[in-house]
Amino acid sequence: MDNALVIGGTRFIGRHLVSELLDGGYAVTIFNRGNHDNPFEDDPRVQHVQGDRTDDEALRTAKLTVDPDAVFDCVAYKPAEVASAVDIFADVDAYVYISSGAAYGREVIPKRENETPLCDCTDEQAADDSGASYGPRKAEGDRVVFEAASRGINAMSVRPCIVYGPEDYTERLDYWIDRVLNYDRVVVPGDGTNVWHRAYVEDVASAMRVVAEEGEAGEAYNVGDRRVVTLEEMVQVIADAAGTDVEVVHAGERELAATDLSMDDFILYRGYPHVLATDKLARLGWESTPVEEAMRRSVADHRDSDRDGSEHDPGRDAEERVLSILDTL
C-alpha cells in the first residue's frame, strides 16, 4: 500500500495521521469540507479533495479521483456514515475506522476486544448527535465494520481511549497543564488514584497505519498508553515535563461540596477506572511513546499555543476556598 485517503485530516488525530503516513512514504490525499485551516496546504505531498463525508456522491468522487489503497475514516460519527463508506471503498486494501473506548458497554478492567460487550445502539441513538449517544454510535459503527468484513471487505477499527497531545482542540489536558504552570498547589478530586486511560495522539496515528498494514479484517484494536497513570501521577508527570514543582492537594466530596463543586467538575476525572487492554495491537508490532516523552511534547506544544483549557475550569476562586478549608483541617 502506498496511496492513502484520509477522511478528515486537518485536525488533531487526522493531522497527526497524515504526518505519520507521509513519514511512512505514502502519497496522501485528505478529504473534508475545508471548514478548518489546512496545515498541509503548502505541502506538495498532500492533495486535498473538498467534499462532505455525509454526501455519498462526494465520497464516490473522492474514490475515483484518488484510487486509494488504504482509507482512514477519522470523522465517522454515525453508523450510517460507516455503512456508506465500507460499501463505497469495498475494494480497497484496508479501510480503518476510528471507533472509541466509549463503545464498550460494560465496566470491567481491562476492557478487551472480542470479550467485553459493546454498547447497544437504538435507531434513535444511531441518528442522534448528543454526547450521550456517542458510545452507542461508535459501537454500532464497529458492528458495521464487522459485518462488512464478513462480506470480504478489508475493514478494521481502532478504539482509542481519551486522546491527548499536540494540537488537541478539546483542551482537556491543557486545563491541567495550565494549572501546573501557573499555580504551586493543584486541587485533585478524590485521593488521586482514579484512572481514565489515555492515548497519546501520535500513537493513535501510528496505530491506524499499523492496523491498515498488519491488521486483520473484521477486528478491532484498542489504543492507549502502554503505561497507565493515575490522575495524580499525570499531574506529577506534567510538572516534571515542565521543570517545575507542584503540590497535589486531594479534595473529597465534602470539601468540594462546601464550595458548590463536585468530582465531575474536574476534567479527566472518572469515578470508575477505564482501562483498555492494548496487547492485541502490540502484537502487530505497534509501540507506544513513553508517557514522559509524550508529556514533554504536549507541554511544549501547550506553551506555544493559546490554549488554556479554560472551558473546563471549575473556577480557581472555588478551588482557593477548597484549599482554605483543607488547610484548616
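## Residue T10

T10 counts as buried, at 11% relative accessibility; buried means under 20% relative accessible area, exposed over 50%, and partly exposed in between, with a 1.4 Å probe and protein chains only. T10 is placed in the loop between β1 and α1 (12-23). Helices (H or I, at least four residues) and strands (E, at least two) are DSSP runs, numbered from the N terminus.

Apart from neighbours within four places in sequence, T10 is in contact with R15, I30, N32, H36, D37, N38 and P39. Contact means heavy atoms within 4.5 Å.

## Basis of the model

This is a predicted model, in which local features need pLDDT of at least 70 and side-chain atom pairs count only at pLDDT 80 or more, while totals for chains, interfaces and linings use all residues. Residues are numbered from 1 along each chain as its sequence is written, and side-chain values use heavy atoms, with hydrogens and water left out.

## The chain as a whole

The chain has 12 helices and 11 strands. Its radius of gyration is 21 Å, close to the 20 Å that the globule rule gives for 329 residues, so the chain is as compact as a globular protein of that length. The radius is taken over C-alpha atoms, and the rule is 2.2 Å times the number of residues to the power 0.38. Along the principal axes, the C-alpha atoms fill a box of roughly 70 × 45 × 35 Å.

Of the 329 residues, 56% are buried. Among contacts with a separation of 6 or more, 76% are between residues 24 or more positions apart.

β4 runs parallel to strand β1 (residues 3-7), joined by 4 bridges, and A4 has A70 as its bridge partner. Another 4 bridges join β4 to strand β5 (residues 94-98), also in parallel, with Y95 as the partner of V71. Two strands pair if DSSP finds at least two bridges between them.

## Residue S157

S157 lies in strand β6 (residues 155-160) and is buried, with a relative accessible area of 0%. Leaving aside neighbours within four places in sequence, the contacts of S157 are Y97, S99, D142, V145, E219, A220 and Y221. D191 is 34 residues from S157 along the chain, and their C-alpha atoms are separated by 35 Å.
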